[in-house]
Amino acid sequence: MGSASAQVPAVSEELAQSSGQAPMAIRAPAPAAYLVPEDFKVPTHVEAADFKIVPLGPDLAKIDYAAYMSSIRHLQETFTRSTDWPHEGISDADAMRDMEAEQARFRNRTSFAYAVLTPDGSRERGCMYISPSDVEGYDAVVRLWVTRPEYDAGFDAALYQWVTQWVRRDWPFVNVAYPGRSIEWSRWDAMVAAR
């Protein structure tokens with residue numbers, strides 16, 4: 001996987017000198033497309049008692065594919081609320097392209113997709129995504145899913161509780177939206193439509 005914590009370059013020394021300040025005294029603001037400040041160290045491996053999270057990427061394409069394809073209807077009803085994803089017939093090449101795109105967005109610091117794995121990394125229990133918000137007043141949107149067997153075992157509620165605490169403690173956001181969880185889908189959809 002590529003470096004998930006690549007930094008936005010600082011203002012060049014030449015520009016800093018032309019402003020009359022020392023080069024290290026000036027920092028380039030993060031472009032609007034960046035979700036987190038340039039000096040924020042994005043987590044790339046976090047371990048909890050019965051799972052770990054790591055960035056999605058090509059090396060996880062097979063276990064990610066196995067996870068979501070095992071729970072197509074469940075994810076269509078609870079996560080995407082659409083038959084567009086996941087669906088029968090997703091090819092290995094499609095799955096790999098998706099992983100490459102997620103890795104690129106993570107590396108570019110525009111959104112962050114994580115696999116939620118068993119402690120030994122052999123199986124994906126679900127995923128979580130931290131993305132920019134389309135609704136004013138929210139710094140970010142966090143969405144997550146777990147496979148149907150994990151949902152039936154109660155892991156969805158446990159993961160949601162863990163994620164909200166982790167985001168509040170370790171991420172630089174003030175107000176985070178959790179559509180379909182802390183904000184009902186109908187309310188979120190109305191806010192998105194009104195933007």
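Among contacts in the protein chain between residues at least 6 apart in sequence, what share joins residues at least 24 apart? The share is 60%, where a contact means heavy atoms within 4.5 Å.

This is a predicted model in which local features need pLDDT of at least 70 and side-chain atom pairs count only at pLDDT 80 or more, while totals for chains, interfaces and linings use all residues. Residues are numbered from 1 along each chain as its sequence is written, and side-chain values use heavy atoms, with hydrogens and water left out.

**Figure 1. The protein chain and the confidence of its model.** The protein chain contains 7 helices and 6 strands, and their pattern along the sequence reads α-β-β-α-α-α-β-β-β-α-α-β-α. Helices (H or I, at least four residues) and strands (E, at least two) are DSSP runs, numbered from the N terminus. Of the 195 residues of the protein chain, 43% count as buried; buried means under 20% relative accessible area, exposed means over 50%, and partly exposed lies in between, using a 1.4 Å probe and protein chains only. The average pLDDT, which is the predictor's confidence in each residue on a scale from 0 to 100, is 86 for the protein chain, and 84% of the residues score at least 70. Over residues 1-31, however, pLDDT stays under 50, and for this stretch the model has 44 contacts beyond four places in sequence.

**Figure 2. Two nonpolar cores.** A nonpolar core is a set of buried Ala, Val, Leu, Ile, Met, Phe, Trp, Tyr and Cys residues joined through side-chain atoms within 4.5 Å. The largest one has 27 residues, and those with the most contacts inside it are Tyr114, Ile130, Trp166, Val167 and Trp171. At least two residues of this core come from each of strand S3 (112-117), strand S4 (124-131), strand S5 (140-146) and helix H6 (155-170), and H6 gives the most, with 6 residues. A second, separate core has 19 residues, including Leu56, Tyr68, Ala95 and Tyr129.

**Figure 3. Helix H2 and what covers it.** In helix H2 (residues 61-69), the buried residues are Ala61, Asp64, Ala67, Tyr68 and Met69. The elements that cover these buried residues of H2 include H3, H4, S4 and S5.

**Figure 4. The largest pocket.** On a 1 Å grid over the protein atoms alone, a pocket is an open set of points where a 1.4 Å probe fits, with protein on both sides within 12 Å along at least five of seven lines, and lining residues have an atom within 4 Å of a point. Grid points are joined across faces, edges and corners, and a volume is the space filled by probe spheres set on the points. The largest pocket holds about 190 Å³ of space, and of the 13 residues that line it, the closest to its centre are Thr78, Phe79, Leu144, Gly180 and Arg181. Helix H3 (72-78) and S5 are the elements that give two or more residues to this lining, and S5 gives the most, with 4 residues. By class, the lining has 7 nonpolar, 3 polar and 3 charged residues, where Ala, Val, Leu, Ile, Met, Phe, Trp, Tyr, Cys and Pro count as nonpolar, Asp, Glu, Lys and Arg as charged, and the others, Gly among them, as polar.

**Figure 5. The second largest pocket.** About 160 Å³ of space lies in the second largest pocket, whose lining is formed by Ser131, Pro132, Asp134, Val141, Arg143, Pro179, Trp185, Trp188 and Val192. Two or more of these lining residues come from each of S5 and helix H7 (185-194), and H7 gives the most, with 3 residues. The lining divides into 6 nonpolar, 1 polar and 2 charged residues.

**Figure 6. Backbone details in two loops.** Most residues other than glycine have a negative phi, and most peptide bonds are trans. In the loop between H3 and H4 lies Arg81, whose phi is near 55°, a positive value in a residue other than glycine; Arg81 is partly exposed, with a relative accessible area of 39%. The loop between H3 and H4 also holds Pro86, and the peptide bond from Trp85 to Pro86 is cis, with omega near -15°. Arg109 is found in the loop between helix H4 (92-107) and S3, and its phi, near 65°, is again positive in a residue other than glycine. Arg109 is buried, with a relative accessible area of 0%, and its C-alpha atom is separated by 8.8 Å from that of Glu38, 71 residues apart along the chain.
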